[in-house]
Amino acid sequence: MRVLVLGGTSFVGRAVVEEALRHDVRVTLFGRGRTGTDLFPRLTRLIGDRDTGDYRTLDRGRWDAVVDVSGYVPRHVGQAMDALRERVHRYLFISSHAVYQQTGVGPGSDEETPRRAPYRATEEIDGETYGRLKVACEDDVWARYGERATIVRPGRVAGPHDPSDTFTYWVRRAARGGRVALPADPEQPVQIVDARDLARLVVRLVLDDRPGAFTAVGPAEPVTLGGLIATCGRVAGTVPEIVRVPAESAPPMFPLVRPVWSSQQRSAARARAAGLTATPLAVTVADVLAWDRERGTPPLNLGFTPHEEAALLAGLDGRATAGRPHNTRKPTRGTH
(Lines give C-alpha, C1' and ligand atoms only; values in the text may rest on other atoms or scores of the structure.)
Protein backbone atom coordinates (compact mmCIF):
# COMPACT_ATOMS: atom_id res chain seq x y z
CA MET A 1 0.00 0.00 0.00
CA ARG A 2 1.19 3.51 -0.86
CA VAL A 3 0.33 6.33 1.56
CA LEU A 4 1.05 10.05 1.28
CA VAL A 5 1.35 11.90 4.61
CA LEU A 6 0.86 15.66 4.52
CA GLY A 7 3.07 16.65 7.44
CA GLY A 8 4.76 13.63 8.99
CA THR A 9 7.82 14.73 10.88
CA SER A 10 6.56 16.52 13.99
CA PHE A 11 4.25 14.89 16.53
CA VAL A 12 1.09 13.12 15.38
CA GLY A 13 2.41 12.77 11.84
CA ARG A 14 5.63 11.27 13.12
CA ALA A 15 3.69 8.65 15.08
CA VAL A 16 1.54 7.87 12.02
CA VAL A 17 4.60 7.35 9.83
CA GLU A 18 6.29 5.11 12.40
CA GLU A 19 3.16 2.98 12.70
CA ALA A 20 2.67 2.78 8.94
CA LEU A 21 6.24 1.57 8.48
CA ARG A 22 5.57 -1.24 10.95
CA HIS A 23 2.94 -2.48 8.48
CA ASP A 24 5.32 -2.24 5.50
CA VAL A 25 3.38 0.65 4.04
CA ARG A 26 5.24 2.64 1.38
CA VAL A 27 5.14 6.16 2.80
CA THR A 28 5.78 9.43 0.97
CA LEU A 29 6.19 12.62 3.01
CA PHE A 30 5.07 16.09 1.97
CA GLY A 31 6.17 19.15 3.93
CA ARG A 32 8.43 22.17 4.09
CA GLY A 33 11.49 20.12 5.00
CA ARG A 34 12.22 22.21 8.10
CA THR A 35 11.42 19.82 10.95
CA GLY A 36 12.56 16.29 11.59
CA THR A 37 15.09 16.42 8.79
CA ASP A 38 17.00 13.54 10.39
CA LEU A 39 13.92 11.31 10.52
CA PHE A 40 13.02 8.60 8.02
CA PRO A 41 16.07 9.00 5.75
CA ARG A 42 14.92 6.27 3.36
CA LEU A 43 11.52 7.78 2.63
CA THR A 44 10.70 9.94 -0.36
CA ARG A 45 10.25 13.58 0.68
CA LEU A 46 8.28 15.99 -1.45
CA ILE A 47 8.97 19.61 -0.53
CA GLY A 48 6.13 22.10 -0.53
CA ASP A 49 4.44 24.75 1.61
CA ARG A 50 0.76 24.71 2.48
CA ASP A 51 0.83 28.27 3.79
CA THR A 52 1.97 29.63 0.41
CA GLY A 53 -0.01 27.09 -1.60
CA ASP A 54 3.05 25.43 -3.10
CA TYR A 55 1.95 21.91 -4.08
CA ARG A 56 4.01 21.58 -7.26
CA THR A 57 5.71 18.39 -6.08
CA LEU A 58 2.30 16.67 -5.91
CA ASP A 59 1.74 17.06 -9.65
CA ARG A 60 2.61 13.41 -10.24
CA GLY A 61 2.33 10.16 -8.36
CA ARG A 62 -0.50 7.93 -7.15
CA TRP A 63 -1.37 6.79 -3.66
CA ASP A 64 -3.91 4.48 -2.09
CA ALA A 65 -4.52 6.99 0.67
CA VAL A 66 -3.49 10.42 1.89
CA VAL A 67 -3.30 11.17 5.61
CA ASP A 68 -3.74 14.90 6.14
CA VAL A 69 -2.14 15.78 9.47
CA SER A 70 -1.41 19.45 8.75
CA GLY A 71 -4.65 20.84 7.35
CA TYR A 72 -6.02 23.55 9.63
CA VAL A 73 -7.96 25.85 7.31
CA PRO A 74 -10.18 25.10 4.30
CA ARG A 75 -7.62 26.54 1.84
CA HIS A 76 -5.06 23.95 2.95
CA VAL A 77 -7.45 21.09 2.30
CA GLY A 78 -8.94 22.46 -0.91
CA GLN A 79 -5.57 23.14 -2.53
CA ALA A 80 -4.26 19.70 -1.53
CA MET A 81 -7.31 18.01 -3.05
CA ASP A 82 -6.97 20.10 -6.21
CA ALA A 83 -3.33 19.10 -6.54
CA LEU A 84 -4.01 15.39 -5.97
CA ARG A 85 -7.19 15.24 -8.05
CA GLU A 86 -8.13 11.59 -8.59
CA ARG A 87 -4.63 10.25 -8.01
CA VAL A 88 -5.47 9.26 -4.45
CA HIS A 89 -8.16 6.74 -3.47
CA ARG A 90 -8.91 7.63 0.17
CA TYR A 91 -8.53 10.97 1.96
CA LEU A 92 -8.13 10.62 5.72
CA PHE A 93 -8.35 13.99 7.44
CA ILE A 94 -7.25 14.41 11.04
CA SER A 95 -9.76 16.86 12.48
CA SER A 96 -10.52 17.54 16.16
CA HIS A 97 -13.20 16.88 18.75
CA ALA A 98 -13.45 20.70 18.87
CA VAL A 99 -15.81 20.44 15.87
CA TYR A 100 -18.65 19.37 18.17
CA GLN A 101 -21.12 21.71 19.81
CA GLN A 102 -20.59 22.04 23.55
CA THR A 103 -23.98 23.30 24.70
CA GLY A 104 -26.76 20.83 25.30
CA VAL A 105 -24.40 17.86 25.09
CA GLY A 106 -24.22 15.28 27.87
CA PRO A 107 -21.61 12.71 28.86
CA GLY A 108 -21.07 9.88 26.39
CA SER A 109 -21.72 11.96 23.28
CA ASP A 110 -20.66 10.28 20.04
CA GLU A 111 -20.04 11.07 16.37
CA GLU A 112 -23.71 11.96 15.84
CA THR A 113 -23.34 15.00 18.12
CA PRO A 114 -24.17 18.17 16.16
CA ARG A 115 -21.12 20.03 14.95
CA ARG A 116 -20.46 23.73 15.23
CA ALA A 117 -21.16 26.01 12.27
CA PRO A 118 -18.36 25.99 9.67
CA TYR A 119 -16.25 29.12 9.36
CA ARG A 120 -14.33 30.34 6.32
CA ALA A 121 -13.95 34.08 6.85
CA THR A 122 -10.51 33.93 8.48
CA GLU A 123 -7.35 31.87 8.71
CA GLU A 124 -6.56 33.20 12.18
CA ILE A 125 -6.68 30.20 14.51
CA ASP A 126 -7.73 30.70 18.12
CA GLY A 127 -9.98 29.05 20.67
CA GLU A 128 -13.09 30.30 18.91
CA THR A 129 -12.18 29.64 15.27
CA TYR A 130 -10.16 26.42 15.50
CA GLY A 131 -13.07 23.99 15.73
CA ARG A 132 -15.22 25.83 13.19
CA LEU A 133 -12.38 25.95 10.64
CA LYS A 134 -11.96 22.19 11.10
CA VAL A 135 -15.69 21.77 10.42
CA ALA A 136 -15.26 23.60 7.12
CA CYS A 137 -12.31 21.37 6.26
CA GLU A 138 -14.37 18.27 7.04
CA ASP A 139 -17.22 19.49 4.84
CA ASP A 140 -14.88 19.96 1.90
CA VAL A 141 -13.38 16.48 2.27
CA TRP A 142 -16.84 14.90 2.48
CA ALA A 143 -18.00 16.87 -0.57
CA ARG A 144 -15.02 15.84 -2.69
CA TYR A 145 -14.50 12.23 -1.65
CA GLY A 146 -17.81 11.01 -0.21
CA GLU A 147 -17.45 7.34 0.73
CA ARG A 148 -13.72 7.63 0.13
CA ALA A 149 -13.44 10.14 2.99
CA THR A 150 -12.41 9.27 6.54
CA ILE A 151 -12.45 11.79 9.39
CA VAL A 152 -10.64 11.24 12.70
CA ARG A 153 -11.50 13.61 15.55
CA PRO A 154 -8.95 13.25 18.35
CA GLY A 155 -9.21 14.79 21.77
CA ARG A 156 -6.12 16.25 23.43
CA VAL A 157 -3.18 14.24 22.10
CA ALA A 158 -0.32 13.35 24.48
CA GLY A 159 3.00 11.61 24.18
CA PRO A 160 6.69 12.15 23.49
CA HIS A 161 7.54 14.94 21.00
CA ASP A 162 4.37 16.88 21.89
CA PRO A 163 5.08 20.54 21.00
CA SER A 164 2.01 21.92 22.78
CA ASP A 165 3.30 21.56 26.40
CA THR A 166 -0.26 20.79 27.54
CA PHE A 167 0.23 17.30 28.93
CA THR A 168 3.95 17.80 29.52
CA TYR A 169 3.18 20.61 31.98
CA TRP A 170 1.43 18.27 34.40
CA VAL A 171 3.99 15.49 34.00
CA ARG A 172 6.82 17.88 34.82
CA ARG A 173 4.92 19.71 37.55
CA ALA A 174 3.93 16.54 39.38
CA ALA A 175 7.49 15.25 39.11
CA ARG A 176 8.64 18.25 41.20
CA GLY A 177 6.18 17.23 43.91
CA GLY A 178 5.12 19.51 46.75
CA ARG A 179 2.14 21.85 46.65
CA VAL A 180 0.60 22.07 43.19
CA ALA A 181 -1.55 25.08 42.29
CA LEU A 182 -4.67 24.00 40.42
CA PRO A 183 -7.03 26.71 39.10
CA ALA A 184 -9.86 24.23 38.60
CA ASP A 185 -11.89 21.54 40.32
CA PRO A 186 -9.72 18.41 40.68
CA GLU A 187 -12.86 16.34 39.93
CA GLN A 188 -13.01 17.73 36.38
CA PRO A 189 -12.88 14.82 33.91
CA VAL A 190 -9.97 14.69 31.46
CA GLN A 191 -9.68 12.90 28.13
CA ILE A 192 -6.33 12.51 26.40
CA VAL A 193 -5.29 10.11 23.67
CA ASP A 194 -1.75 8.78 23.33
CA ALA A 195 -0.31 9.78 19.95
CA ARG A 196 0.69 6.17 19.32
CA ASP A 197 -2.88 4.96 19.90
CA LEU A 198 -4.12 7.64 17.51
CA ALA A 199 -1.55 6.51 14.93
CA ARG A 200 -2.64 2.88 15.24
CA LEU A 201 -6.24 3.89 14.59
CA VAL A 202 -5.30 6.03 11.58
CA VAL A 203 -3.22 3.28 9.98
CA ARG A 204 -5.86 0.64 10.68
CA LEU A 205 -8.57 2.79 9.06
CA VAL A 206 -6.37 3.23 6.00
CA LEU A 207 -5.50 -0.46 5.76
CA ASP A 208 -9.16 -1.38 6.13
CA ASP A 209 -10.23 1.32 3.62
CA ARG A 210 -12.89 2.34 6.12
CA PRO A 211 -15.04 5.48 5.63
CA GLY A 212 -16.79 7.55 8.27
CA ALA A 213 -16.03 9.73 11.28
CA PHE A 214 -14.30 8.51 14.44
CA THR A 215 -13.83 10.27 17.78
CA ALA A 216 -10.45 9.26 19.21
CA VAL A 217 -10.26 9.87 22.94
CA GLY A 218 -8.82 8.08 25.95
CA PRO A 219 -7.68 6.76 28.29
CA ALA A 220 -9.64 3.52 28.56
CA GLU A 221 -10.74 4.24 32.14
CA PRO A 222 -12.22 7.65 33.05
CA VAL A 223 -9.81 9.92 34.89
CA THR A 224 -10.15 13.26 36.65
CA LEU A 225 -7.65 16.09 36.54
CA GLY A 226 -6.73 15.36 40.15
CA GLY A 227 -6.31 11.68 39.32
CA LEU A 228 -4.10 12.50 36.37
CA ILE A 229 -1.85 14.66 38.56
CA ALA A 230 -1.66 11.86 41.13
CA THR A 231 -0.73 9.36 38.41
CA CYS A 232 2.01 11.67 37.18
CA GLY A 233 3.32 11.88 40.73
CA ARG A 234 3.29 8.11 41.24
CA VAL A 235 5.25 7.57 38.05
CA ALA A 236 7.82 10.17 39.10
CA GLY A 237 7.99 8.93 42.70
CA THR A 238 6.39 12.01 44.27
CA VAL A 239 3.18 12.78 46.15
CA PRO A 240 1.79 16.09 44.85
CA GLU A 241 -0.48 18.07 47.16
CA ILE A 242 -3.15 19.82 45.13
CA VAL A 243 -4.01 23.34 46.27
CA ARG A 244 -7.01 24.93 44.60
CA VAL A 245 -6.36 28.50 43.53
CA PRO A 246 -8.76 31.03 41.99
CA ALA A 247 -9.44 30.45 38.31
CA GLU A 248 -8.74 34.10 37.59
CA SER A 249 -5.20 33.68 38.88
CA ALA A 250 -4.31 31.40 35.96
CA PRO A 251 -2.90 32.46 32.60
CA PRO A 252 -5.09 31.82 29.51
CA MET A 253 -5.44 28.31 28.07
CA PHE A 254 -4.33 26.63 31.28
CA PRO A 255 -3.30 23.04 30.53
CA LEU A 256 -6.21 20.57 30.46
CA VAL A 257 -8.60 22.90 32.33
CA ARG A 258 -11.97 22.94 30.59
CA PRO A 259 -15.10 24.84 31.68
CA VAL A 260 -17.46 22.41 29.91
CA TRP A 261 -17.05 18.99 31.47
CA SER A 262 -19.10 17.10 28.88
CA SER A 263 -16.42 17.93 26.30
CA GLN A 264 -14.14 15.64 28.31
CA GLN A 265 -16.63 12.76 28.51
CA ARG A 266 -17.03 11.73 24.89
CA SER A 267 -17.56 8.17 23.71
CA ALA A 268 -14.76 6.41 21.84
CA ALA A 269 -16.84 3.27 21.19
CA ARG A 270 -16.84 3.57 17.41
CA ALA A 271 -13.11 4.27 17.26
CA ARG A 272 -12.35 1.38 19.63
CA ALA A 273 -14.38 -0.98 17.46
CA ALA A 274 -12.36 0.20 14.46
CA GLY A 275 -8.97 -0.36 16.12
CA LEU A 276 -8.24 2.43 18.62
CA THR A 277 -5.98 1.00 21.33
CA ALA A 278 -5.60 2.35 24.86
CA THR A 279 -2.10 2.80 26.24
CA PRO A 280 -2.27 2.91 30.07
CA LEU A 281 -2.06 6.48 31.34
CA ALA A 282 0.95 5.64 33.51
CA VAL A 283 2.85 4.43 30.44
CA THR A 284 2.14 7.65 28.56
CA VAL A 285 3.26 9.63 31.60
CA ALA A 286 6.48 7.63 31.98
CA ASP A 287 7.37 8.02 28.32
CA VAL A 288 6.70 11.77 28.33
CA LEU A 289 8.72 12.18 31.53
CA ALA A 290 11.69 10.31 30.03
CA TRP A 291 11.49 12.28 26.77
CA ASP A 292 11.20 15.62 28.57
CA ARG A 293 14.26 14.89 30.71
CA GLU A 294 16.23 13.63 27.73
CA ARG A 295 15.64 16.89 25.86
CA GLY A 296 16.78 18.90 28.88
CA THR A 297 13.40 20.14 30.23
CA PRO A 298 13.28 23.42 28.27
CA PRO A 299 10.97 26.23 29.45
CA LEU A 300 7.28 25.56 28.80
CA ASN A 301 4.90 28.01 27.16
CA LEU A 302 1.80 27.05 29.15
CA GLY A 303 0.80 27.01 32.79
CA PHE A 304 2.49 28.67 35.75
CA THR A 305 6.23 29.12 35.80
CA PRO A 306 7.76 27.79 39.04
CA HIS A 307 8.24 31.39 40.20
CA GLU A 308 4.65 32.37 39.42
CA GLU A 309 3.28 29.34 41.22
CA ALA A 310 5.44 29.90 44.30
CA ALA A 311 4.40 33.56 44.48
CA LEU A 312 0.72 32.64 44.08
CA LEU A 313 0.83 30.04 46.84
CA ALA A 314 2.76 32.36 49.12
CA GLY A 315 0.18 35.07 48.54
CA LEU A 316 -2.64 32.70 49.43
CA ASP A 317 -0.80 31.68 52.57
CA GLY A 318 -0.34 35.33 53.50
CA ARG A 319 -3.98 36.17 53.07
CA ALA A 320 -4.99 33.16 55.13
CA THR A 321 -2.65 34.24 57.93
CA ALA A 322 -3.91 37.82 57.77
CA GLY A 323 -7.47 36.61 58.20
CA ARG A 324 -6.78 34.89 61.52
CA PRO A 325 -7.31 36.67 64.88
CA HIS A 326 -4.05 38.15 66.18
CA ASN A 327 -4.94 37.50 69.87
CA THR A 328 -6.14 33.99 70.47
CA ARG A 329 -5.89 34.05 74.28
CA LYS A 330 -9.09 33.72 76.28
CA PRO A 331 -10.18 37.09 77.72
CA THR A 332 -9.86 37.50 81.51
CA ARG A 333 -12.88 38.50 83.57
CA GLY A 334 -13.02 42.13 84.55
CA THR A 335 -13.73 43.56 88.06
CA HIS A 336 -16.16 46.34 87.20
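This is a predicted model: local features need pLDDT of at least 70, side-chain atom pairs count only at pLDDT 80 or more; totals for chains, interfaces and linings use all residues.

Student: Which residues of helix 4 are buried?

Tutor: Thr166, Phe167, Thr168, Tyr169, Trp170, Val171, Arg172, Arg173, Ala174 and Ala175.

Student: And what follows helix 4?

Tutor: Gly177 does, and its phi is positive, near 70°.

Student: What about helix 8, at what angle does helix 4 cross it?

Tutor: Roughly 85°, with the axes of helix 4 and helix 8 (residues 281-294) coming within 10 Å. An angle from 65 to 115 degrees counts as roughly perpendicular, so helix 4 is roughly perpendicular to helix 8.

Student: Which residues meet there, in helix 4 and in helix 8?

Tutor: Helix 4 brings Phe167, Thr168, Val171, Arg172 and Ala175. From helix 8 you get Leu281, Thr284, Val285, Val288, Leu289, Trp291, Asp292 and Arg293.

Student: How does the contact of helix 4 with helix 8 divide by class?

Tutor: Eight residues are nonpolar, two are polar and three are charged.

Student: Why would residues three or four places apart in a helix point the same way?

Tutor: An α-helix has 3.6 residues a turn, so residues with that spacing point the same way.

Student: Switching to aromatics. How many aromatic pairs does the structure hold?

Tutor: Six. One of them is Tyr169 with Trp170, an edge-to-face pair with 4.9 Å centre to centre and 80° between the planes.

Student: Are Tyr169 and Trp170 buried or exposed?

Tutor: Both are buried. Tyr169 and Trp170 also belong to a cluster with Phe254 and Phe304, linked by ring pairs.

Student: OK, another helix pair. How do helix 2 and helix 3 cross?

Tutor: Helix 2 (residues 74-84) and helix 3 (residues 130-145) have axes that come within 8 Å and cross at roughly 20°. Under 35 degrees counts as roughly parallel, and therefore these two helices are roughly parallel to each other. The crossing of helix 2 past helix 3 is right-handed.

Student: Which residues make the contact?

Tutor: On helix 2 they are Pro74, Val77, Gly78, Met81 and Asp82. On helix 3 they are Leu133, Ala136, Cys137, Asp140, Val141, Arg144 and Tyr145. By class, that contact of helix 2 with helix 3 has eight nonpolar residues, one polar and three charged.

Student: I've also been looking at Val203. Where does Val203 lie, in which helix?

Tutor: Val203 is in helix 5 (residues 195-208).

Student: Why does Val203 count as buried?

Tutor: Buried means under 20% relative accessible area. Val203 has 5% relative accessibility, so it counts as buried.

Student: What does Val203 touch, not counting residues up to four places away in sequence?

Tutor: Val203 touches Val16, Glu19, Ala20 and His23. As for Pro163, 40 residues apart from Val203 along the chain, the two C-alpha atoms are separated by 22 Å.

Student: Last one, the overall picture. What does the secondary structure of the chain come to?

Tutor: Nine helices and 13 strands. The chain has 336 residues, and buried ones make up 49% of them. Along the principal axes, the C-alpha atoms fill a box of roughly 105 × 45 × 40 Å.

Student: And of the contacts with a separation of 6 or more, what share comes from residues 24 or more positions apart?

Tutor: 78% of those contacts in the chain.

Technical notes. Residues are numbered from 1 along each chain as its sequence is written. Side-chain values use heavy atoms; hydrogens and water are left out. Axes are lines fitted to C-alpha atoms, for helices over the stretch in contact, and angles run from 0 to 180 degrees between N-to-C directions. Helices (H or I, at least four residues) and strands (E, at least two) are DSSP runs, numbered from the N terminus. Angles under 35 degrees count as roughly parallel, over 145 as roughly antiparallel, 65 to 115 as roughly perpendicular and the rest as oblique. A crossing is left-handed if the near helix is turned anticlockwise from the far one by less than a right angle, and right-handed if clockwise. Contact means heavy atoms within 4.5 Å. Ala, Val, Leu, Ile, Met, Phe, Trp, Tyr, Cys and Pro count as nonpolar, Asp, Glu, Lys and Arg as charged, and the others, Gly among them, as polar. Buried means under 20% relative accessible area, exposed over 50%, partly exposed in between (1.4 Å probe, protein chains only). Rings of Phe, Tyr and Trp (its six-membered ring) pair if their centres lie within 6.5 Å; planes under 30 degrees apart count as stacked, over 60 as edge-to-face and the rest as tilted.
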